[in-house]
Amino acid sequence: MPHSHPTNTSLSELHLTGVPGLQHLHHWISVPFCIMYLVTLAGNSTLLCVIKADPSLHLPMFLFLSMLAVIDLVMSTSITPKMLGIFWFHSTAISLDACLTQMYFVHAFSVMESGVLVAMAFDRYVAICNPLRYLSILTCPVVAAIGLATLLRAVVFMSPLTFQIHRLPLCSPAVVDHSYCEHMAVLKLACRDAAFSNTYSLSISTYVGSFDSLLIALSYALILRAVLSLSSPQARRKAFSTCSSHLCLIALFYIPGLLSMYMERYHQELPPHIQVLLADIYLLIPPAFNPLIYGIRTKQIRDGVCKVI
């Protein structure tokens, strides 16, 4: 049975509902969520250890992969333990400061992940289309500058959003109909008009999602054009397989996140649990599968794992 929430909650404390309308299934929902989190921890930690331990993997491609692994670990850890606490122990309470911190980490690291995915697509474009100049184009200072740029972009875009929400007065009952502190769900508690914050968050998400996915699509289009010129059918099949798996995983990151945000913003007539589950999918599935798709399927990583073992 769904558990009740206090209706006279201090505004220094909020309560998360988990998956609205599916509270009676929380124990079942927690099983795949827990498995994905454990896979995320094991896969990304292993990837980082292997790349650090093997000097032959200290190349731009694997440096970007290390950035992605760190981002995935932080992003997943910022929400999953609390979600599992809700599902298993009905631990719905979260302080306002902790909620805003969680919100900042989730959305800032999502923007960072998007930037790193663009960098990885550019890395593959240079490696395939201009291999002789690969190491002269993507030098260590260039890789570090790209990583710093993705960090600064996330801070610049997300800091104003968190600051705006922090200044808004929130009304009781302080119940957030979500499994984590998603900014639009928290904005529903605002006692005054939050149209500017809503518009700002939607604009930033649309810009990051559309601009970055366009750059990724352009990079892979150029890669596929180069692949089609290969004389070996086996090489073409392998390249198509790699590109298609990358693009499917990238779509799982962008599409559910944007869909959940637009559904929340424009109040589509869909059950609320669908919007919440979509928001959870884009934060849980890609971090679990990134080490497999970008790492284990790469021969150098497999060889590095064998060396470490």
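Is the crossing of α2 and α5 left-handed or right-handed? Let's find out on a short walk through this structure, which is a predicted model.

**Stop 1: α2 and α5**

Select helix α2, residues 60-89, and then helix α5, residues 140-167. Turn the view until you can follow both axes. They come within 10 Å and cross at roughly 25°. Angles under 35 degrees count as roughly parallel, so α2 is roughly parallel to α5. As for the opening question, the crossing of these two helices, α2 and α5, is right-handed.

**Stop 2: α2 and α3**

Since angles over 145 degrees count as roughly antiparallel, α2 and α3 are roughly antiparallel to each other. What about the hand of this crossing? For α2 and α3 it is left-handed.

**Stop 3: the salt bridges**

How many salt bridges does the structure hold? There are 2 salt bridges to look for. Before you zoom in, a word of background: side chains of opposite charge can pair when their charged atoms come close.

Select R124 and D123 and show their side chains. They meet in a salt bridge, with 2.8 Å from N to O. D123 counts as buried, because its relative accessibility is 1% and buried means under 20%.

Next, select D212 and R153. In this salt bridge the closest N and O atoms are 2.7 Å apart. Where do the two partners sit? D212 lies in helix α7 (residues 195-228) and R153 in helix α5, so the pair ties together parts that are 59 residues apart in sequence.

**Stop 4: a nonpolar patch**

Stay with α5 and select L148, L151, L152 and V155. Together they form a nonpolar patch on the surface, with about 320 Å² of accessible area. Click on L151, one of the residues in this patch. You will find it in helix α5, where L151 is partly exposed, with a relative accessible area of 35%.

**Stop 5**

Now move to helix α1, residues 26-53.

From V50 to A149 the C-alpha atoms are separated by 26 Å, and the two residues are 99 residues apart along the chain. From A42 to V208 the gap is 166 residues in sequence and 29 Å in space, C-alpha to C-alpha.

**Stop 5**

For the last stop, return to helix α3 and pick Y125. Y125 counts as partly exposed, at 28% relative accessibility.

Note on methods:
Residues numbered from 1 in each chain as written. Predicted model: local features only at pLDDT ≥ 70, side-chain atom pairs only at ≥ 80, totals over all residues. Heavy atoms only, no water. Patch = residues over 30% accessible without salt bridge, like charges linked within 9 Å, V, L, I, M, F, W, Y side chains within 5 Å. Areas by Shrake-Rupley, 256 points an atom, 1.4 Å probe, with all protein chains shown as cover. Salt bridge = Lys/Arg side-chain N within 4 Å of Asp/Glu carboxyl O. Helix = DSSP H or I, 4+ residues; strand = E, 2+ residues; numbered from the N terminus. Buried < 20%, exposed > 50% of the residue type's maximum accessible area, 1.4 Å probe, protein only. Axes fitted to C-alpha atoms, helices over the stretch in contact; angles between N-to-C directions. Parallel < 35°, antiparallel > 145°, perpendicular 65-115°, else oblique. Left-handed = near helix turned anticlockwise from the far one by under 90°.
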